[in-house]
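Below is a short briefing on one protein model. It covers a pocket, the nonpolar cores and the salt bridges.

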Amino acid sequence: MQERTIKENKEFESSPKLLVIGGSGLVGGALVSRISENGQLVLAPTHQEFDIAELSIGEIAKKINGTDVVINLAAQTEVDVCEKEKGDFGGMVWKTNVVGVEKLAKACLAGDATLVHISSDYVLSGSEQLCPHKETEKIDPITSWYAKSKAEAEKILLSSRVKAHIVRVQRPFGDDFNIKRRDFLRNVYEANRLGKKFFAIADQKLTPGYVKDYAKAILAIAGSQHYGIWHVATPTVTTIYDAVCLGLKYLEQNHHQIIDWNLIKATTFDEFMSHAGAPRPKDTAFDVSKFERHFGQGILRPLPEMLADWAANIALYEQI
Ligand SMILES: NC(=O)c1ccc[n+]([C@@H]2O[C@H](COP(=O)([O-])OP(=O)(O)OC[C@H]3O[C@@H](n4cnc5c(N)ncnc54)[C@H](OP(=O)(O)O)[C@@H]3O)[C@@H](O)[C@H]2O)c1
């Protein structure tokens, strides 16, 4: 078994005042749960209570007054839906993913709060030669509106004097099926239950991750003063096809669930893209060595461990 060193897993030495925006989402839900499990206080207003697209800088500054760390997961995240607003700088995607982030940065700067902003692998070109991708790589988003908006927000934060962490995540998967945002494991699981085929890309190099690991990693970063860009994902480079097969295998072998393997079909990235609404980068697997150098190995687990945990939690919920 690989030896692990967890350098900093306390997440915070003291008890800073935390505010999470977008805490009802796929990643945000796991983050708020993690903070609560730690026994820490967190403010997690709803979209309606804290709308970064609609509030003014002054209103945001008032709401974050006294907060030490603001963690922003609020975003328009459906890539194909975002594409319908392409070129619309007054549309909801730009107002949320770019202007909203700029307002948060200004309010955090004024209030001397740290801003932890969640970004995406889609700011990268996805070139196979540079894979797995490091934080030092020049951003070069494929021309989708979602990717452009996420890249623009990063540029704004990097040129601001705010104490900011940009945490790029990719392909999060969770076990809370009450959350609106779907992920690839939930899609394959539900498709299998309904007797429907699921096509999974087998030639695209990615590093997906369990939202529970992402939550721990985001909190470790939030407690650090090494501001900048962080890649957060499993260290295991894989494909969605392999990840899906392993997750389902754990459900079958460890939890006696019935899986119809005939419904799981491998496809190619090019075939998928021929039906997709917006362009997507191909090989965006992350190099997470910067994170591991700062926080040790073990917070971001190898994919088999994440998937075994995911399967155990899915099986548990099935029994309830
Ligand atoms: N999901 C992915 O595959 C993926 C991949 C890479 C990076 N990311 C990034 O990870 C972050 C979190 O993504 P996610 O998948 O957890 O997203 P999600 O499930 O779609 O959640 C987005 C959250 O933001 C809230 N929100 C949307 N617009 C808002 C606004 N104007 N003001 C305040 N809150 C607003 C939503 O509230 P309501 O639901 O109530 O509207 C929800 O709580 C995002 O920055 C995303 O770009 C996601």
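This is a predicted model: local features need pLDDT of at least 70, side-chain atom pairs count only at pLDDT 80 or more; totals for chains, interfaces and linings use all residues.

Residues are numbered from 1 along each chain as its sequence is written, and side-chain values use heavy atoms, with hydrogens and water left out.

**Second largest pocket**

- The second largest pocket has a volume of about 390 Å³; a pocket is an open set of points on a 1 Å grid over the protein atoms alone, where a 1.4 Å probe fits, with protein on both sides within 12 Å along at least five of seven lines.
- Its lining (residues with an atom within 4 Å of a point) has 23 residues, and D175, D176, V211, K212 and Y317 are the closest to the centre.
- Helices (DSSP runs of H or I, at least four residues) α1 (26-37), α7 (211-222) and α11 (303-319) each supply at least two lining residues, with α1 giving the most, 6 residues.
- By type, the lining comprises 9 nonpolar, 4 polar and 10 charged residues.

**Nonpolar cores**

- A nonpolar core is a set of buried Ala, Val, Leu, Ile, Met, Phe, Trp, Tyr and Cys residues joined through side-chain atoms within 4.5 Å; buried means under 20% relative accessible area, exposed over 50%, and partly exposed in between (1.4 Å probe, protein chains only).
- The largest core has 37 residues, and those touching the most other members are L31, I71, V116, V167, I218, V232 and F291.
- Helix α7 provides the largest share of this core, 9 residues.
- Beyond its neighbours within four places in sequence, F291 has contacts (heavy atoms within 4.5 Å) that include A217, W230, V232 and L300.
- A second, separate core of 25 residues includes Y210, V244, I264 and M306.

**Salt bridges**

- The structure holds 16 salt bridges, each a side-chain nitrogen of Lys or Arg within 4 Å of a carboxyl oxygen of Asp or Glu.
- R280 and D80 pair at 3.0 Å, N to O, although they lie 200 residues apart, R280 in the loop between α9 (269-273) and α10 and D80 in helix α3 (residues 79-83).
- R280 is buried at 15% relative accessibility, whereas D80 is partly exposed at 32%.
- E102 and K106 pair at 4.0 Å, N to O; they are separated by about one helical turn because they are 4 residues apart in helix α4 (residues 92-111).
- D309 and R301 form a salt bridge with the closest N and O atoms 3.0 Å apart; R301 is buried at 16%, and D309 is partly exposed at 25%.
- R182, R186 and E190 are linked in a network of salt bridges.

Methods. Grid points are joined across faces, edges and corners, and a volume is the space filled by probe spheres set on the points. Ala, Val, Leu, Ile, Met, Phe, Trp, Tyr, Cys and Pro count as nonpolar, Asp, Glu, Lys and Arg as charged, and the others, Gly among them, as polar.
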